[in-house]
Amino acid sequence: MQITASTVSLTVDDIAASQQFFTTHLGYTEQAAADGFASLARSDAAVDVVLLARGTQVLPADQRDQHASGLIIAFTTTGIEDEEARLRAAGVNITMPLREEPWGERLFQITDPNGVIVQFVEWAAPATH
């Protein structure tokens, strides 16, 4: 098997709100859209995002009323301080401020209007002795 792309499909109440959030603040572009559906992508290694309206008939019956929750979309990046400052200046609510974990992970989180959590991660350089 060779995987050529990765996509996360999120079931949300307000597709337009998530679509605007991802395109305005996270650099995604719309690839396709229809009633109850939007496909978003970036030109880099970020996972593609498909937004589906909760209750849509294209989903199996046991999935139609689920809501994207308990999920974190994580982006490993560089220049994490600048990214947090850019998003904060744009009025994005930083729902977990930038912090560094003891194992060297630096991270912060934002949350889109539908409750989708996006986490930014940068690995601190290991200390040299």
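# Strands, helices and core of a predicted chain

Among the elements of the chain, E1 has the lowest mean pLDDT (88) and H2 the highest (96); pLDDT is the predictor's confidence in each residue, from 0 to 100. This is a predicted model, in which local features need pLDDT of at least 70, side-chain atom pairs count only at pLDDT 80 or more, and totals for chains, interfaces and linings use all residues. Residues are numbered from 1 along each chain as its sequence is written, and side-chain values use heavy atoms, with hydrogens and water left out.

User: What is the average pLDDT of the chain?
Analyst: The average is 87. Of the residues, 84% score at least 70.

User: Why are E6 and E7 called paired?
Analyst: Pairing requires at least two bridges found by DSSP between two strands. E6 (residues 94-100) and E7 (residues 105-111) have four, in the antiparallel sense, so they pair. Isoleucine 94 has isoleucine 110 in E7 as its bridge partner. Four residues lie between the strands of this hairpin, and glycine 104 there takes a positive phi near 100 degrees.

User: What makes E5 and E6 edge strands?
Analyst: The open sheet has four strands in the order E5-E8-E7-E6, with mixed pairing. E5 and E6 each pair on one side only. The twist averages 15 degrees from one strand to the next.

User: Where does H2 lie?
Analyst: H2 lies across E6, E7 and E8, at about 15 degrees to E7. Axes are lines fitted to C-alpha atoms, for helices over the stretch in contact, and angles run from 0 to 180 degrees between N-to-C directions.

User: What makes a set of residues a nonpolar core?
Analyst: Its members are buried Ala, Val, Leu, Ile, Met, Phe, Trp, Tyr and Cys residues joined through side-chain atoms within 4.5 Å. Buried means under 20% relative accessible area (1.4 Å probe, protein chains only). The largest such core has 25 residues; among those touching the most other members are Leu10, Phe22 and Tyr28. Elements supplying at least two residues each include H1 (15-25), H2 (80-89) and E8 (117-123).

User: Which residues of H1 are buried?
Analyst: Ile15, Ala17, Ser18, Gln19, Phe21, Phe22 and His25 are buried.

User: What caps the N-terminal end of H1?
Analyst: Aspartate 14 does: a side-chain oxygen lies 3.3 Å from the backbone nitrogen of alanine 16. A polar contact needs N or O atoms within 3.5 Å, one able to donate a hydrogen and the other to accept it within protein; residues adjacent in sequence count only if both atoms are side-chain atoms. After H1 comes glycine 27, with a positive phi near 75 degrees.

Definitions and conventions:
Buried < 20%, exposed > 50% of the residue type's maximum accessible area, 1.4 Å probe, protein only. Contact = heavy atoms within 4.5 Å.
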